[in-house]
Amino acid sequence: MTTPHLGAGGPRASAVRLAGVTKRFGDVEAIRGIDLDVAPGEMVAFLGPNGAGKTTTIDLLLGLSTPTTGTVEVFGMEPRAAISRGLVAAVMQTGGLLKDLTVRETVEYTASLFADTRPVDEVLESAGITGLAGRRVDRCSGGEQQRLRFAMALLPDPALLLLDEPTTGMDVEGRRAFWAAIRADAERGRAVLFATHYLEEADQHADRVVLLSQGLVVADGTGSQVKALAAGRTLRATLPDPRPALLEEIGAQPGVDQVDLRGDQVLVHATDSDAVARWLLTRTDAHDLEIVARGLEEAFVSLTSSTRQPIPTGGTR
Ligand SMILES: Nc1ncnc2c1ncn2[C@@H]1O[C@H](COP(=O)(O)OP(=O)(O)OP(=O)(O)O)[C@@H](O)[C@H]1O
């Protein structure tokens, strides 16, 4: 077994370093100022809703685009330099496969494009697809094709592997097999950075979760720290007379950490939703009350929102 390559910066250089990075597409500010360091060997999830800036960041790391401002370094060098040295590889969601070839032929063909690669049998084994070597690509499931892309990405033995939503469209078994292969491989010291929409996937497979929302890092911690952000419930009720004083009183109830008003609907985020529901229904004119688990999307919004306190009557959020 080999050890993944390390860059010219040696073991001390960060695998990834973003400093003051912004990226603008016309009027759209896809990245609004990101600073991030990923150490060699770290397994990091980029977690965020649609449009958070995950793909834009991965494209910057792959040298497919350049930042509007700030610097992007991979192992202490420009992304393209790191890629040309075989330090970085990516597993993309689509493309890159010829349907008529077998799994082994695909990996052999890719290997022939590099000067120096890991042995084909070794990468097939690492990706858990030795048993599929003779199967034609178009007979492989979506999950098997993703493991094939993973095997191809392992050929240069990269020190950093980038994966953009690698399990989209896979069934439960496909996801399990895919992550089992990635994790077993990452134990050898490869840094892995993957984008995902799924909190569970980030929590289960990453050492560290970087939460992106609207082009900013809004949280950076362990899976359980990030999960705690999405804990609690949201109560929604019709409030016929939403006076500011009443909204303040709701905000002062135990365990309430956010109150928003949308028309005559009040939205209350609370840790003890039963107690708040009881209070709303017995002490105010609130009616038509519903309680829903707070989703991650809502956690993102509250993390990036400056209005964490009651919003005055007529709030427009
Ligand atoms: N080439 C482009 N031209 C214009 N706008 C773009 C371009 N690429 C990305 N954007 C915009 O930048 C923002 C961030 O997009 P990005 O694809 O990075 O998000 P994402 O987190 O990967 O989302 P998803 O989970 O949907 O893939 C979005 O508002 C998107 O519409």
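Two strands pair if DSSP finds at least two bridges between them. Helices (H or I, at least four residues) and strands (E, at least two) are DSSP runs, numbered from the N terminus. The structure described here is a predicted model, in which local features need pLDDT of at least 70 and side-chain atom pairs count only at pLDDT 80 or more, while totals for chains, interfaces and linings use all residues. Residues are numbered from 1 along each chain as its sequence is written.

## The chain as a whole

The chain holds eleven helices and 13 strands. Of its 317 residues, 40% are buried. Here a residue is buried if 20 or more other C-beta atoms lie within 10 Å of its own, exposed if 12 or fewer, and partly exposed in between, with C-beta atoms placed from the backbone. Two residues are in contact if their C-beta atoms, placed from the backbone, lie within 7 Å. Among contacts in the chain between residues at least 6 apart in sequence, 71% join residues at least 24 apart.

Strands of a sheet pair through backbone hydrogen bonds, either parallel or antiparallel.

S11 is joined to strand S12 (residues 265-270) by six bridges, and the two run antiparallel. Across this pair, Asp260 stands opposite Leu267 in S12.

Gln265 belongs to strand S12. Not counting residues up to four places away in sequence, Gln265 touches Arg236 and Thr238.

## The six-stranded sheet

Another open sheet has six strands in the order S5-S6-S7-S3-S8-S9, with mixed pairing. Strand S5 (88-91) and strand S9 (216-221) stand at the edges with a single partner strand each, so one side of each is left without a neighbour in the sheet. The twist from one strand to the next averages 20°.

S5 and strand S6 (residues 160-164) run parallel and are joined by four bridges. Val88 has Leu160 as its bridge partner in S6. Helix H5 (residues 142-154) packs on this sheet, touching S5 and S6, and its direction makes about 170° with that of S5.

## Nonpolar cores

In soluble globular proteins, nonpolar side chains tend to be buried together. A nonpolar core is a set of buried Ala, Val, Leu, Ile, Met, Phe, Trp, Tyr and Cys residues joined through C-beta atoms within 7 Å. The largest such core has 68 residues, and Leu47, Ala151, Leu160 and Leu162 have the most contacts inside it. H5 supplies the largest share of this core, six residues. Leu162 touches Ile58, Leu61, Leu62, Val88, Ala90 and Leu193, not counting residues up to four places away in sequence. Another core, of 14 residues, lies apart from the largest one and includes Ile250, Val259, Ala270 and Ala286.

## Partly exposed residues

| Residue | C-beta neighbours inside 10 Å | Class |
|---|---|---|
| Glu165 | 19 | partly exposed |
| Gln214 | 18 | partly exposed |
| Gln265 | 15 | partly exposed |

Glu165 lies in the loop between S6 and helix H6 (172-186). Although Glu165 is not a glycine, its phi is positive, at about 45°. Gln214 is placed in the loop between strand S8 (208-213) and S9. Its phi is near 50°, a positive value in a residue other than glycine.

Methods:
Axes are lines fitted to C-alpha atoms, for helices over the stretch in contact, and angles run from 0 to 180 degrees between N-to-C directions.
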